[in-house]
Amino acid sequence: MKTLLAALLATSAGAIPRFAVRTGFDCGSCHVNPTGGGIRTAFARNVFARQWLALPAGAEAMDEAFSPDIGRHIAIGTDVRPGYLWQNSPDPAFSDTSSLVTMQADLYVHARASPKLALYWDQGVYGGFETFVLVRPLGEREGWDFYVKAGHFVIPFGVREANHTIWTREAVGFGPRDRDNGAEVGFGLGRFSAQLAVVNGTYGDAFLDAGGTRELRVFDKAVSARMVFRARAGPLRVWHAASILYNDNVSQQSPLFLPALFPGSQGEAIPYGVNEWRFGGFLGLGLGRLGYAGEIVVVRDSFAAGIPTIVGYTSYQELAVTLFQGLDLVGTYEFADSDIEFERGRVDRRGGAIEFFPFPFLELRGMYRHSVGAKEWLLGGARDDVEIMVHLFL
Amino acid sequence: MTMSKSWCICFFSTLLAARAVAADGRAVSLRFCAPCHGEPGNGRGPVATELDPRPRDFTSGIYKFRSTASGTLPLVSDLRRTIDEGLGGTAMPGWRAVLAPAERDALVGYLRSLSPRFASDPSGEVVSVPPAPPRDAGTISRGRHAYERMRCGDCHGSGGRGDGPAAPTLRDDRGLRVRMPDLTRTTTLRRALTDRDIVVTFLTGLDGTPMPSYRDAVSPGEVWDLARYVRSLGRSPRFLERLLQREPLTWTK
C-alpha cells in the first residue's frame, strides 16, 4: 500500500511557475529545459536563488557554495523531496494514511557541448526519466531563441508545476510518468514564445505509437502547441499562456473522466480509439510580493467504442504572498467537473501552504488540503491531506 | 581497490581539477557571469533582457562604480568590490560566498582584458574624498538646500522617490531607459552602504548614465550634508508599500 502511495506521490521534475510570474522571467531563464522543470541554469543557482528566493541571511552565511558544474561543459543537479504525508477520509473506501515518503529523487545531467548543442538527462527514482538532445542552430542569443528538442520529454502543454498532483496536471494526463517520445520546436522573441511538439501520444509507452496494443499504426500521433506571452505594466507582471493538444487514437482515459465513465472505478482501461482534445489557458499576475496563478484545462474525448463524447474541465488557482524574502504563504483552490452535462463528478479542493527557503538550495514546506466532492473520483473525494516536506535542490 | 572506489576517486579528482582550472578568469566568467553578461562579456547574455537594469557591457570599459574621476577607468579594487559585494536593487549578487579569493582576482583580471581601454588608457585619478565633518543640527537642512540648488529633484523627484519630471526621459549610453532609484528605499540603491559611498557617487558620477560628477559643483562640507540628507530620506515602508513594492525580493547589505 505504501509503495503504491509513494508511487502515486512521485513528483515530476517540475518548476514553480509562481516565481516566473512574480519576476516576469521566462521558464528558460532558470531551467535548462526551455519549457521549464528539471536542472537549473547557472543564473538560477547563482543569481535567482540568492537574490530573489532564499532568506538573505542564509545566502550570505554560506562560506562557500557548492557548485554542481563539472568543468565548463557538464553540470549535475538534483531534486530530492523526502516528506511525511497524512491522509484522512470519512469515506470507508480510503484508509487513513500516515507515511514517510520520498516524493521525488531525480538526478540531472546537463552536458553542454557548445552553445548550439546540449544533452539533457533526468533520471527519477521511480523509473521516470526525461532525456533529450537540445539543438540551438543559431546559438544562445539575447532576446530571442530558436531550438529543436528531440527525445523523451514532457509534452509542452500548460504550465509545468512541481506538484504533479494538482488537477490541471495529472488529472488531465500530464503526470510524472506521462513523458513521451517525439520532437519539439521552440521559438522565442522578446516576451513571446511558442512551442510545437509531435509525440507518439502514448504518454511514455515504449512501444512506439501502438497505444499498448503493440500494433503499429500509420500516424496515431499527438500534436501539442503552446504559446506564452509575458507583459509588464509598471510594477505589474502578467503571464499569459494558451495550449492545445490533439491525440489521435489513444487508449488512455483521462483520470478526470473516471467518475463519468465508470462510477466507482479505480482506473480500468477503456477500449483503444480515443481521440483526445485538451485546451489550456493560464494567467499569472505578479505585483510586488503578491502572485496569482490560475490555469484552466478543458478536456474533450470522443470514443470509438460507443461511449458518448465527454467534455469536462478542471482549474487550479493559487494566490501567494511573500512575507519576507525566503518565506511564502500560498493559498490554493481547485475545481474539477468530469462531465459538464451532468451533476455528477464535481469536486473541489482548497489548500494552504507555507514555504520556507532558508538557504539557496533548501526548501521546507508544510501543506494542508481539503477535498470535497465525488467520492468515487480517484484523485478527489472527501479527504484531508497534510504534507510536510524537505526539498533539496541543486 | 573496488570498482566503486575507483569511480569515486575518478569523480572527485575531476571535480578538484575542474575547480583548479576555474582559477582562470575566463573559465570563471563563462560559468558564473555569462548567463547575464554574455560569453563575450558584452552584457548580452541569454537572460539579459529579463533584467532591469541590464547587465554591464565589459567590452566598453565604462563602469558606473569607481573611486576614480568621471570618464576614467576603475581601479582593480573598485571592480573587486563590486564582485565581492554585488549591487543593491539589481540582480548582481555578491560573489564572496561563491567564489574563492583567487577566483575573484582572476575574474577582475579577465574583465580588464575585455576592453582595450585598460591597455591604452592611463589609470584613473582617484577622487579625493574630503574628511567627514561632524554632524550638527543644520546638516540635514543644508543638505536639502543643496539638493534643491543642484536640481537633483528634476530626476530624483522632490521627495527622492525617483519620480522627477525628467525621470521618464532618461536613457543610458546604450539607449536603455534608466530606472531611477527610490532614495527613500535604501535597498534599491546600487551602492549606498555608508554615507561615504554616497559622497563618492556625487564626486565620481555614474559613467554611462545621466548621473554626472558634482566634483566641481559642491564644497567639501556640502557634499557630506547632501549625502546625509539623502540618507535621511530612507524610511521604513508602510505595510501596503511593503506588500506591493516593486523590487521586494532583492536585498543589499
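# Exercises on a two-chain predicted model

In chain A, 58% of the contacts with a separation of 6 or more are between residues 24 or more positions apart; two residues are in contact if their C-beta atoms, placed from the backbone, lie within 7 Å. This is a predicted model: local features need pLDDT of at least 70, side-chain atom pairs count only at pLDDT 80 or more, and totals for chains, interfaces and linings use all residues. Residues are numbered from 1 along each chain as its sequence is written, with chains lettered from A and ligands numbered from 1 in the order in which they are written.

**Exercise 1. Describe the make-up of each chain.**

Step 1. Take the elements. Chain A has 6 helices and 17 strands. Chain B has 10 helices and 0 strands. Helices (H or I, at least four residues) and strands (E, at least two) are DSSP runs, numbered from the N terminus.

Step 2. Take burial. A residue is buried if 20 or more other C-beta atoms lie within 10 Å of its own, exposed if 12 or fewer, and partly exposed in between; C-beta atoms are placed from the backbone. In chain A, 48% of the 394 residues are buried. In chain B, 37% of the 253 residues are.

Step 3. Take contacts in chain B. Of those between residues at least 6 apart in sequence, 62% join residues at least 24 apart.

**Exercise 2. Find the cis peptide bond in chain B and place its proline.**

Step 1. Most peptide bonds are trans, and most residues other than glycine have a negative phi.

Step 2. Find the bond. A cis peptide bond joins B:Asp52 and B:Pro53, with omega about 5°.

Step 3. B:Pro53 sits in the loop between helix 2 (25-37) and helix 3 (76-85) of chain B.

**Exercise 3. Which residues of helix 6 of chain B are buried, and what covers them?**

Step 1. List the buried residues. They are B:Gly143, B:Ala146 and B:Tyr147.

Step 2. Look down the axis. The buried residues of helix 6 of chain B fall within an arc of 105°, so they line one face of the helix. The arc is that of the directions from the helix axis to the C-beta atoms.

Step 3. Turn to the face away from the buried side. There, helix 6 of chain B carries exposed B:Ser141, B:Glu148 and B:Arg149.

Step 4. Find the cover. It includes helix 7 and helix 9 (220-233) of chain B.

Step 5. B:Arg151 has a positive phi of about 55° although it is not a glycine. B:Arg151 lies in the loop between helix 6 (139-149) and helix 7 (153-156) of chain B. B:Arg151 counts as exposed because it has 11 C-beta neighbours inside 10 Å.

**Exercise 4. Check the length of helix 9 of chain B, then describe its burial.**

Step 1. Compute the expected span. It is 1.5 Å times one less than the number of residues.

Step 2. Compare. The 14 residues of helix 9 of chain B should span 20 Å, and the end C-alpha atoms are 21 Å apart, which agrees.

Step 3. List the buried residues of helix 9 of chain B. Among them are B:Val223, B:Trp224 and B:Tyr229.

Step 4. Find their cover. It includes helix 6 and helix 8 (195-204) of chain B.
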